Amino acid sequence: MTSGDLITLLPLIALTVTPVVVMLAAAFYRSHALALALTLVGLAATIVSLFVAATRTGRQVTPLLSFDTYALFYIGLLTVATAAVAILSWSYLQRRHVHPEEYYMLLLTATLGGAVLVASTHFASFFLGLEILSVSLYALIVYPIYRDQFVEAAVKYLVLAGATSAFLVFGMALVYAETGTMTASGLAPILSAGLGGQDVVVALGIVLILVGVGFKLAVVPFHMWTPDVYQGAPAPVGAYVATVSKGAVLALLLRYFWPVSLDTGSSLFLVFAAVAIASMVAGNLLALRQDNVKRILAYSSIANLGYLLVAFLAAGEQAAVAVTFFLVAYFATTLVAFGVVAALSTPERDAESMDDYRGLARTRRWTAVAFTVALFSLAGMPLTVGFMGKFYVVTAGAGAALWALIIVLVLTSTIGLYYYTRIVVAMWVRQPDENADAVGAAVGGGSAAVLAALTAFLIVFGVYPAPLIQLIERAVATLP
Amino acid sequence: MAAVSLDHGLILAAILFVIGFVGLLTRRNLIVALACIEIMLNAAGLAFVVAGARWGSADGQVMFLFVLAMAAAEVAVGLALAIRFRQSLGRLDVDDADEMKG
Amino acid sequence: MILLWYILIPAVAAPLAWLVSRSRPDLARWVALAGTALPLALVTWQWVSQAGALKAAFVAHGPGAAGLVQGTWLADVHATWIAPLGISFFLAEDGLTLIMLVLTFAMGLLAVLASWRGITARVGFFHFMILWTTAALAGVFLSLDLFLFYFFFEMMLIPMYFVIALWGHERRVYAAIKFFIFTQASGLLMLIAILALYFIHGRATGVYTFDFTQLLGTQMPSGTAFLLMLGFFAAFAVKLPAFPLHTWLPDAHTEAPTAGSVILAGVLIKIGAYGMIRFMVPLFPQAVYDFRTIGMILAVIGIIYGAIMAYAQTDLKRLVAYTSVSHMGFVLLGIFAWNTLALQGVVVQIVCHALSTGALFILVGTLQDRIHTRDMAKMGGLWAVAPRMGGTAMFFALASLGLPGLGNFVAEFLILVGTWQVSRWAAVLGAVGLVVATVYALWMMQRAFQGQETHALRFDDLVPRETAMYAALIAALVVIGFYPQPLIATARQTVTAAQQMTAGSPLSPEAASAAQTMIVDGATADDGQ
Amino acid sequence: MLQLLWIVPALPAAGFVVLLLLNRHLSRRATALIGAGSVGLSAVVAILIAVSFITSPPPGDAYRQVLWTWFDTGGLAPQIAFYLDAMSVVFMVVITFVGFLIHLYSTEFMERDEGFTRFFMYMNLFVASMLVLVLADNLLLLYLGWEGVGMCSYLLIAFWQKDVQNVYCGRKAFIVTRVGDTALIVGLFLLFTQLHTLEIQPLMAGAAKNWAAGSGVAVAAAALLLGGAVGKSAQLPLQTWLPDAMAGPTPVSALIHAATMVTAGVYLIARTNVLFTLAPDVRLAVAIIGTVTLLYACFSALAQHDIKRVLAYSTMSQIGYMFLALGVAGWSAAIFHFMTHAFFKALLFLAAGVVIEALGGEHDIFKMGGLRRKLPTAFWAFIIGAASLSALPLITDGFYSKDLIIETSLGAVDGNAWLWLGALAGSLLTSIYAFRLVFVVFFGEQQTPVTLHPRWRMKLPLVVLSVLSVVGGFVWLPGWMGGFHPFETFLDTALPVTQTVAGSFAYTGVAALLTSLIAVVGVALATVWLVESRAALARFAARPTPHDVQTFWLNGWGFDWLYEHVFVIPVKWFARVARGDLVEPAFSGIAWLNLQAWRALSASQNGQLRVYIGVAGVGLAVIVAFVVLR
């Protein structure tokens, strides 16, 4: 490791230092505002450091981490998303009169884990990043300890995540035992074979690793925890789980599979395809008549990851761009959706019932507009970035001639329309429920700004996505 | 001391891993569940050590250390959660935690 | 540049209408009125001033040479949009576009007028949605980049969905979602087909583009072409709607507010016809030819089944909705016949159906505003109460059954005579559909307007605003009925150009005329088509 | 003068438009003036044109006036153009003139009706449509008039629309004729596709040039046109609408169902005689249809007890005669009968209208009786009309035309004895039912008091038509009477001359005597029947279904029943079954399946942590099994 490497590592360093600073500050002076301010400063510093690191791109820092433009882009994405979550959390936590300073620290460490993941080129960094992320999340979910739901969600997440970590690491061990390699580049030829005609142990190892990945991505059949955790977790944490945690893992997956071209008849491909189809079908069907908005978002995320896997399977540069673009779109959209949920939540409970949204268009016009835009984006309607994202995914699938997958995608996303529009109907058509205990304090200024900015993002890049696409193309181009 | 072959080591690890997993499936006590996860993680660690021995590299042992550290962190949070769990539900039965479903 | 205005004026007016409504709800109506009238005036002006150019181009280049094939347009806009994917912002206008634009803005205007009193809740938002729809529809008809087309195609779903769901009748949410899901599902199938075409063309030529003019004539195996054609067909058949994909339409029409029904019937479902003429057939002539028999069977079933279903209804609006299914069967028939006569008939039918069915929907809407029901069992003898309304209804009922002297007849006659040259049985059965049309149209008149007044209803006859609206529609239908030539001349270039694009395939009229000479002395024999 | 041709249909059309626009703002007097005046003016112009046409025939004995090109695409360029030749002159003059008389009559007949303006609107439009029909230079324009006539008949039959029964009758008329129209329009498709034009004269020339006699395409084309003609002219099997069409006001019946609309079929066949010449089989069918219809209608007329229904069946039967004439290539004879029929049938209807009006709307002849003295004008008009209908020799116009048809049915090259016998039988029956009507209505005991007497506007048309019914036939005297036939000469400029068998028995005085005798015998029989069986008559009146045959005839031989069961009921059944849309279950089924899938999947999401682990484990096991075993 050289001093040059340290410059390359600046983003990670920034992300490491910031939680320490936040923690120390909290130790001396408990202030919610200070914690948030420090967090945002730290995240801003991370962003700045990305540009510094960008001057030295393409550098492999030890065998563990690669700081190419791809990694930097994703770190940037995760950082911005974290900042959004942090701001959205502010009024959510502020209303609840707890000491939320450590919350931001956990948020930052989780992001650090994610940042490690996206730069990871080795099992060690893979495992470490994942665990930093996971352990932070256990605590995050249960952090605002005032409702049993949170505990239940945290326990479920902890046990399942722990178990799958074990699967993951056992799989790594098996692969290592048989092949002696733990690097992404060493893994490439093994993956390329698509699990066929190899040592059973290696195949088993890879499958076990994929269990770990699949769990984090919440794809079928490792999806069962998702609705409970989304529902149980505080809304901003839900946003975080849905975006940063998944995005980081997906970025990692993309990197490991980048040099791999899977044969469409290979077992690995078929497994992925089956998982994708099952996720699209189950995710969309599960949400069909669901009345809990957070659960709907959870199921919708299962389905969305299914869509992503379609593009992922398409492989090649265009597919990588498609995955990344979709992911960016999904980040923005999900943050808006959860942001609205968070903004409308009261100290007593989160605004998660469909009834909470009845007549929202009358009581809170702009919040309703933002949520509607987000829902249409999830549904893939034009003028939103979700439309472009889905279009891109289908394009990638079509480019690789994955017809069966994209037809499933198309049909299941039609089912999706039904449940998204149910919420839209609740907001716009139904009358506010007079008897229900009203949710929704005033939407805080910070949250409002974030929601407005993200909604603008949804629309602007839905209409004119070219700059974003070019940015992503440049990022992806540096993958080895 | 005779060298243990790779296969034997891996089989042992696998058996341990399965024991842990089966325990996870069958036992309802949260603490036991955490213990089962520990068993699974340690099975993985064992496998790493065996693998490292095979390739004569320290990588396996390094990974084992990581696993160990991570398991410790996880248990720390897990036990803290168990306390909260007990406080809110009165028992440590994971099956009680089914308020959210559908 | 003028083309951009067609989209921009309503698009800008839309948020404006919403914003001004917060302080003065009534102002929103005027904004909406301006937002539709202005482009209507613009496009009419363009039509009048370009009529000469259209004719000159036609005369100078001979049939088909002008227009699309040569890339010469009345006007076009070409800008990069999403360069990495080969997507361009390509708008262009020819005769058919001109007609569709006139229709779009006229129906938009009509929708605003028809809602002048009827819509009282969320006035600004309503007009926002109407204008948005108008803008998106203008975009649909102007786009020649397939992606852009799809973009607008999907874009207009959202406002339409809101219009139905928010201002509709009892089962509005159900109807809105059904409409949404049907169109979206089929639209996605078209998207897949577009993408497949994009890649096939890209692989073959190295040029990845969604530009329709470049994608024309892409070579591909016939099986592939057939599947891709089905993708396009699915989208357009749902829109049209063609049997058996029509079931969204009665619900949507019935539950939509008057303005929604007018736009749906007047313009939105015409996208199906437009898309087939503009894109589907030129892109896949051979596949369309292979599909022709099935297409024509569906069309004929649509004509007759739609008419019988119309007869079976008790809900007046539902009845009118089913007549659309029947009328659009003619359109489908004409498209599959694919000769000049039939295609010109389709164009005239597009316009006349918009006018006559739009008027019927407005009529039902005004009736519902007055008597608060659409159930014909609760009507009867309304003529005595409101003779002007009765007479108007009679006129449009007669138009609906294809009375000569009105535009609908010209359309249906051209379609059927064109169809006859391709398939005699289809033409005969289509003509039988006209008899069934008589049944439902007269039945409707009897149930609602004639007979004894049984329910002692008292309400106002048409007010001047309404009378003026209907008078304009009636005049238009009569003029088209006796002198449709301006319409035909405007669409001529498009029609011939589209046929030229399919030249060399068995769909082309030359191939048809070869088949036709064989039946000169065998009129009683069945040629199997 | 001929350039004014377009004025003839334009005047009534303008009348329609003016009435439509001004509607409520017009007094009854103004309405009547516009309504009847426009047709009157039109008649004047028509007569002037006719005079001009006869005195200075245009080159080629035909005049063509192009107003504008309707549309022009794909080789199809029909024009809005009028074509005048001898045949259309006859039709034009008869339509406008008789039409005007009926309008005049209506101004009084309808004067207390609340829909006065609406009535004249429809009537004007009707006359305009009919004129377009007979003046059209191409088949598409003809079809426009054809459908316009059909529509107006619907509007007029259903004129008293408060009674659903009337509306039903109007609908029935429109729908049944539209069935025939469908055949006609399909014929248009065929003709255009084969001959690339719809303009009648080039079309006929083209057909004669390109098609062999008896060729399939000629037969098909002729048969399709015949289908249209059968519908409009109420011939078998599409005759069922006509009796019901009597639901309209009586002047409507006079206008539509006597003088004009129903003769459209005759006009069409005569106009396209070239096609029918090329298709002998179809022409034979025309003759047979005519003969069968005329007999059918005669029997049915015998059993009716609604005065207008008797007349309706008599119309059907007289059109049958015209068809018979057309069938044996007696083109001119058919046109001649059209003219005389227009006079006497309008007369009969208008007279019947007087009776009905006088009795306060009574239609049942058995509730009339003894009106001879109370309504002398009507009585004499009716006598003249009935005589003419029965073709009583020498003094009626009906005699000359019907005799000519009966002659032709035997004497023409295409004629035969069967047709002749049928025609003779029809003649006998006609006399019987016609005079049965006269006796029942005007003789015997008076049953219902007369409440209203006609004034001049109703009387004048009766007088004029009575005169015409007597003298109208003198324009074409049979050979044995001296062979004065300017009408035939005139028509021969437009229609082919009938080929006759030289020296046929049909053209002898003996045959004419036979014909005359039969008519007289019929009248005698009617007298005897009614005088003899007053008791039977009373029984009949008391019990309207004396025996099965009578009921059978009364109900039009069960055609209504048949069509009801073959067409109407199945369609209604289907409509009832399909009301919710047959396709809908497929889509709601998909929705239902989705819902069930949601139920099942939701149940799996049961909140149990260990189940979640289990699912993941099973999933893993499946994947592993797949990878390993594959």
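**Where chain D meets chain C**

Across the interface of chain D and chain C, the rule finds one salt bridge, meaning a side-chain nitrogen of Lys or Arg within 4 Å of a carboxyl oxygen of Asp or Glu. C:K178 forms that salt bridge with D:E584, and the closest N and O atoms are 2.8 Å apart. Keep in mind that this is a predicted model, where local features need pLDDT of at least 70 and side-chain atom pairs count only at pLDDT 80 or more, while totals for chains, interfaces and linings use all residues. Residues are numbered from 1 along each chain as its sequence is written, chains are lettered from A in the order in which they are written, and side-chain values use heavy atoms, leaving out hydrogens and water.

Now for the whole interface. On the chain D side, 55 residues are in contact with 64 residues of chain C (contact means heavy atoms within 4.5 Å). About 5,200 Å² is buried between the two chains, with carbon and sulfur atoms giving 69%; this is the accessible area (1.4 Å probe) lost on being put together, summed over both parts. In chain D, the residues that lose the most area to chain C are D:K162, D:R178 and D:F189, together 13% of what that side buries.

Let's finish inside chain D. Helix α3 (residues 86-109) and helix α15 (residues 331-358) of chain D pack at about 5°, their axes 10 Å apart. That makes α3(D) roughly parallel to α15(D), a label for angles under 35 degrees. Among the residues making this contact are D:F91 of α3(D) and D:F338 of α15(D).

Terms used: Axes are lines fitted to C-alpha atoms, for helices over the stretch in contact, and angles run from 0 to 180 degrees between N-to-C directions. Helices (H or I, at least four residues) and strands (E, at least two) are DSSP runs, numbered from the N terminus. Angles under 35 degrees count as roughly parallel, over 145 as roughly antiparallel, 65 to 115 as roughly perpendicular and the rest as oblique.
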